[in-house]
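Please open the model in your viewer and keep a selection panel at hand.

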Amino acid sequence: MDSCTIESRIGEINLAKKKSIYTKDVVLVMAASFFFMFSTMFVNPLINGYAKELGASSAFAGIIVGIMSVAAMFLRPVAGNLTDKFSKYRLSFIGGVLILIGVLGYVFTPSSAWLLLFRLINGTGYVLCTVCMTTWLAFLVPRQHVGEAMGFYGLMNALAMALAPALSINIYQKIGYRESLIASAISALLMVVAIQFVGDHAKPIVKDRGKMPKKHFKIIQMNVLPVAILTTLFAAPYFITQADIVTYVEQKHLSVAVGSYFLIYAVVLLIIRIGLKRYFDTVRFGVWFWISLLSTTAYIILLAVMNNNWQMALAAAGMAMGYGIIYSVLQSTALLLAPIEEQGLASSTFYLGLDIAMAFGPMVSGVIDSVFPIQWFYPVELVLIPFMLLVYFIWRKRLNNAIDYH
């Protein structure tokens, strides 16, 4: 084989490596994202009861539970602006350490007042990690594979969100609150360790500063605004279900294995994400929107009429087809709609929509539960569907053209 052929072959191999998203760095960032999300979601089902065990009133315990999401809404823009100015590794490391400090604080806290402080520390770390690691992963893959990468990133998050609560409840019932929370701390530590082995620290691209206009602090990335609104609308029924499905089943006196709901959701989501991974980068937004809209409508109706395990399983599968698909599509669309130098701000804008749904969805569901009979708990949520359609039709051109910005 002559030297030209060898050089050509080496060039082809190097090009293939550049195009592949399955690099060591990508795998490590995805693993780290699973660990930090697992750590956070492991705590969520326990924090309310733990606060009360430490002497908090029901009202103060509710504040402790909700303060993390409320604080996140204010911290997102800060995290987004910082992510566009500093190394993604550095900010993810700081975020991971803050999560670890917060969870260790839960383990050793002497009172509920201190628990509130550590909840804020944990929340600050969570905000940094979600924004920075999403942007970091997008930085590591070719732009034409952002959709596929976000699909797997979302899968890691979804699996953590499904497995962590189930494990935390089972472990807590056996060994108690403080001892259970050590598992969350270990997961946060694993996240910090994992990112130490990532070679590309994703430092921001610095252009000729003499020609660049002075950057000002921005609250949101305006191109991503419709994505953030749709994220809130699609995520609200998900977080309402996450918070209230057990109580809903009890109030309706249903004989269903509700503990399996989110495990079924995770399994179906795993199958969907693996099966559709490459289509996320080639199919326009509108196709995913209609699939997700119809699936969301279907799972809300199924939950409204549910009276057996088959209907519950179909509802969980519908949620995976609805929220599970649109989550990744919205996340990748946010990054594609924003310029390269504002990828962090785009990510924070996407997560701001998620924070609003996470913070206010369960609050609204409490109002629904107190005003309407339990039979109307899910049918009332169908009012979100016309708003999804309105947002899509107003911004459909921008959303559908996002795929052209690879």
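**Second largest cavity**

The lining of the second largest cavity divides into 7 nonpolar, 3 polar and 1 charged residues; Ala, Val, Leu, Ile, Met, Phe, Trp, Tyr, Cys and Pro count as nonpolar, Asp, Glu, Lys and Arg as charged, and the others, Gly among them, as polar. This is a predicted model, in which local features need pLDDT of at least 70, side-chain atom pairs count only at pLDDT 80 or more, and totals for chains, interfaces and linings use all residues. Residues are numbered from 1 along each chain as its sequence is written, and side-chain values use heavy atoms, with hydrogens and water left out.

Select Gly154, Asn157, Ala158, Met161, Tyr238, Tyr265, Leu269, Arg273, Tyr323, Gly324 and Tyr327, which line this second largest cavity. On a 1 Å grid over the protein atoms alone, a cavity is a set of points where a 1.4 Å probe fits but cannot get out, a pocket is an open set with protein on both sides within 12 Å along at least five of seven lines, and lining residues have an atom within 4 Å of a point. The volume of the second largest cavity, about 60 Å³, is the space filled by probe spheres set on the points, which are joined across faces, edges and corners. Domain 1 (23-204) and domain 2 (219-405) both contribute to its lining, so the second largest cavity lies between them; the bounds come from an automatic or database domain assignment.

**Largest pocket**

Next, select Asn44, Pro45, Gln242, Ala243 and Asp244, which lie nearest the centre of the largest pocket among its 45 lining residues. About 1400 Å³ of space lies in this pocket. Its lining holds 29 nonpolar, 12 polar and 4 charged residues. Both domain 1 (23-204) and domain 2 (219-405) give residues to that lining, so the largest pocket also lies between them.

**Domain contact and core**

Colour the two domains separately: their C-alpha centres lie 21 Å apart. In contact (heavy atoms within 4.5 Å) are 33 residues of domain 1 and 38 residues of domain 2.

Then select Tyr261 and Tyr323, which touch the most other members of the 132-residue largest nonpolar core. Such a core is a set of buried (under 20% relative accessible area) Ala, Val, Leu, Ile, Met, Phe, Trp, Tyr and Cys residues joined through side-chain atoms within 4.5 Å.

**Largest cavity**

Finally, go to the largest cavity, with a volume of about 80 Å³. Of its 13 lining residues, Phe280, Val283, Phe285, Thr333 and Ile403 are the closest to its centre.

Key: Buried < 20%, exposed > 50% of the residue type's maximum accessible area, 1.4 Å probe, protein only.
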